[in-house]
Amino acid sequence: KRDGVMKKQIPDDPLKSFPINLSIKQRMSDYIDMIIDYKKSLNLVGESDKQSIISNLVIPSIISTELVNGKNLIDIGSGAGILGIVVNLVCNNVHIILCDKDSKKIAFINDVVYKLDISNVTIMHRDFKDVPQNSLQNVDQLLIRGIKLVNIYDSILEKFPRGTSIIYFGAEEEAAKVPVRVVKAIPMPGNDSRAKPLFIFSLTT
């Protein structure tokens, strides 16, 4: 941890069911505090309180780590960086590119990476569609949340070989719009009552 982030204790550990050490949980807690603090001037996520961010964003990201099979990943449309940063913290042997076209969100991610001393990440301020293929030659798995797969699938095929692994958050009908193979689908927690339940998919192109 670096100067500028206050260490706060986690009163009732909402992540107690996950085998994550206390130092990682503390960094996640500090990260969420930064998101909430930034939300005063920049709307990084839809959720407005810590518990909602943990339940709706952090926990699904932790669950997705059981689908990680690559060593070099890219979080496409990273936004506040939650998916990529959580995967990075939980899977300490992976390198992740955090890619987003929004300069304000990239500035936030830079601040998080510096203040929480997060290693093994590359921050890329680009629209994924404009990222040159030679910048992605080592990437062996994609992380996608908050983007419709059909909107970027052509770009994925242009930049990566067939058989590339994707971790995708979305509804079944969204995954069915593109010619991918579903390897595994994990129901998103708390979505039982939705008309179109969400899943965390492991897909291959």
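1. A nonpolar core here is a set of buried Ala, Val, Leu, Ile, Met, Phe, Trp, Tyr and Cys residues joined through side-chain atoms within 4.5 Å. Buried means under 20% relative accessible area, exposed over 50%, and partly exposed in between, with a 1.4 Å probe and protein chains only. The model is predicted: local features need pLDDT of at least 70, side-chain atom pairs count only at pLDDT 80 or more, and totals for chains, interfaces and linings use all residues. Residues are numbered from 1 along each chain as its sequence is written, and side-chain values use heavy atoms, with hydrogens and water left out.

2. Which residues touch the most other members of the largest nonpolar core? They are M28, I82 and F108, in a core of 46 residues. The elements giving two or more residues to this core are α1, α2 (50-64), α3, β2, α4 and β5 (165-171). Helix α2 supplies the largest share, 7 residues. Helices (H or I, at least four residues) and strands (E, at least two) are DSSP runs, numbered from the N terminus. As background, nonpolar side chains tend to be buried together in soluble globular proteins.

3. Take M28 on its own. Leaving out residues up to four places away in sequence, M28 touches L15, I20, V58, I62, V86, L89 and V90. Contact means heavy atoms within 4.5 Å. There is also a second, separate core of 24 residues; V139, I144, F160 and F199 are among them.

4. The expected span is 1.5 Å times one less than the number of residues. The buried residues of α1 are I24, K25, Q26, M28, S29, D30, Y31, I32, D33, M34 and I35. Note that this list holds K25, D30 and D33. The cover over these buried residues includes α2, α3 and α4.

5. Helix α4 (residues 103-115) passes the length check too. For its 13 residues, 1.5 Å a residue predicts 18 Å, and the end C-alpha atoms lie 18 Å apart, which agrees. Buried in α4 are I106, F108, I109, D111, V112 and V113. They pack against α1 (22-38), α3 (82-90), β2 (95-100) and β3 (121-125).

6. What caps the N-terminal end of α4? The cap is D102: a side-chain oxygen lies 2.9 Å from the backbone nitrogen of K104. After α4 comes D117, with a positive phi.

7. D117 counts as partly exposed at 39% relative accessibility. N120 counts as partly exposed at 40%.

8. The structure holds 6 salt bridges. A salt bridge is a side-chain nitrogen of Lys or Arg within 4 Å of a carboxyl oxygen of Asp or Glu. One of them joins D33 and K50, at 2.9 Å from N to O. D33 lies in helix α1 and K50 in helix α2, so the pair ties together parts 17 residues apart in sequence. D33 counts as buried at 16% relative accessibility, whereas K50 counts as partly exposed at 25%.

9. E66 forms a salt bridge with K184, the closest N and O atoms being 3.0 Å apart. E66 sits in the loop between α2 and β1 (72-76) and K184 in strand β6 (residues 181-187), so this pair ties together parts 118 residues apart in sequence. K184 is partly exposed, at 39% relative accessibility.

10. E174 and K177 form another salt bridge, with the closest N and O atoms 3.2 Å apart. E174 counts as buried at 10% relative accessibility. K177 counts as partly exposed at 47%.

11. How many disulfides does the structure hold? The count is 0, a disulfide being a pair of cysteine sulfur atoms within 2.5 Å. For C91, the nearest cysteine sulfur is that of C99, 20 Å away. That distance is too far for a bond. C91 is buried, with a relative accessible area of 12%, and C99 counts as buried at 1% relative accessibility.

Definitions and conventions: Polar contact = N/O pair within 3.5 Å; in protein donor to acceptor, adjacent residues only side chain to side chain.
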